[in-house]
Amino acid sequence: MTILSIRSGDFDVADRVEAFRNVVSTMTRVDVTPDDPRTFHSETSIAILTDLMIGHGSHSASTAVRTTAHAVDAGDNVMFHIPLSGGCSIAQTGGETAELRPGLIYADPSGVAGRCSMNISGSKAGKPGSKPWTSCKRPWMLISSTTANGAPIRDAA
């Protein structure tokens, strides 16, 4: 298993945002734009397994955008966002906006363009939000119509 850790503080202040954006976009297929580039802070760790990524991020107020080009490159994964602190507003193109806060989980199909505005709801001013996530192939989520021993699953009704 490969584990990557990216901290905005590891980059020179003058080009911190651009350097961080270039590294993160290659792995997560999003463009990150901080609300305030002067105080931008982000720490992201990603464990990469075959067809599975598990990550955790702590970010200052910023917006992550998955463009149509990113969505095409991202494949058929589903990312589950699990905010622990802070909050975010998230939506895919053509879908409704969801307000995430601690205790909620959001399924985000990577093959659909969208946007996530981090720390706009539920966060304390100036404190980064914390959000673990996992990304897996969509076929992993298919529910079997049979039990482990091959018997068909029937409705209880």
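In what order do the 5 strands of the open sheet stand? They run E2-E5-E10-E7-E8, with antiparallel pairing. The views below take us there and to a few other spots. Keep in mind that this is a predicted model, in which local features need pLDDT of at least 70, side-chain atom pairs count only at pLDDT 80 or more, and totals for chains, interfaces and linings use all residues. Residues are numbered from 1 along each chain as its sequence is written, and side-chain values use heavy atoms, with hydrogens and water left out.

**View 1. The whole chain, end to end.**
Let's start with the parts list: 2 helices and 11 strands. Helices (H or I, at least four residues) and strands (E, at least two) are DSSP runs, numbered from the N terminus. From that end, the elements go β-α-β-β-β-β-α-β-β-β-β-β-β. Of the 157 residues, 40% count as buried; here buried means under 20% relative accessible area, exposed means over 50%, and partly exposed is in between (1.4 Å probe, protein chains only).

**View 2**
Two strands count as paired if DSSP finds at least two bridges between them. E2 and E5 are joined by 4 bridges, and Thr33 has Thr63 in E5 as its bridge partner. Thr63 also partners Ser117 in E10, as part of the 5 bridges between E5 and E10. Further along, strand E7 (residues 88-92) meets strand E10 (residues 114-118) through 5 bridges, and Gln92 pairs up with Gly114.

**View 2. Strand E5, tucked away.**
Look at residues 62-66: 4 of the 5 residues of this strand are buried, so E5 is largely enclosed by the rest of the structure. Arg66 in E5 and Asp108 in strand E9 (residues 106-109) are 42 residues apart, yet they form a salt bridge with their closest N and O atoms 3.0 Å apart. A salt bridge is a side-chain nitrogen of Lys or Arg within 4 Å of a carboxyl oxygen of Asp or Glu. Both Asp108 and Arg66 are buried.

**View 3. Strands E1, E3 and E4.**
Strand E1 (residues 2-7) pairs with strand E3 (residues 42-49) in the antiparallel sense over 6 bridges, and Ile3 sits opposite Ala47. E3 is also joined to strand E4 (residues 52-59), by 8 antiparallel bridges; Ile46 has Gly55 as its partner there. The hairpin of E3 and E4 has 2 residues between the strands, and Asp51 takes a positive phi near 60°.

**View 4. What does the side chain of His59 touch?**
It makes a polar contact with the side chain of Ser42, at 2.6 Å. A polar contact is a pair of N or O atoms within 3.5 Å; within protein, one must be able to donate a hydrogen and the other to accept it, and residues adjacent in sequence count only if both atoms are side-chain atoms. His59 belongs to strand E4 and is buried, with a relative accessible area of 16%.

Side chains of opposite charge can pair when their charged atoms come close. The whole structure has 4 salt bridges, including one between Arg7 and Asp10, with closest N and O atoms 2.9 Å apart. Arg7 is partly exposed, at 43% relative accessible area. Another links Glu18 to Arg21, at 3.1 Å between the closest N and O atoms. Both lie in helix H1 (residues 16-28), 3 residues apart, about one turn of the helix.
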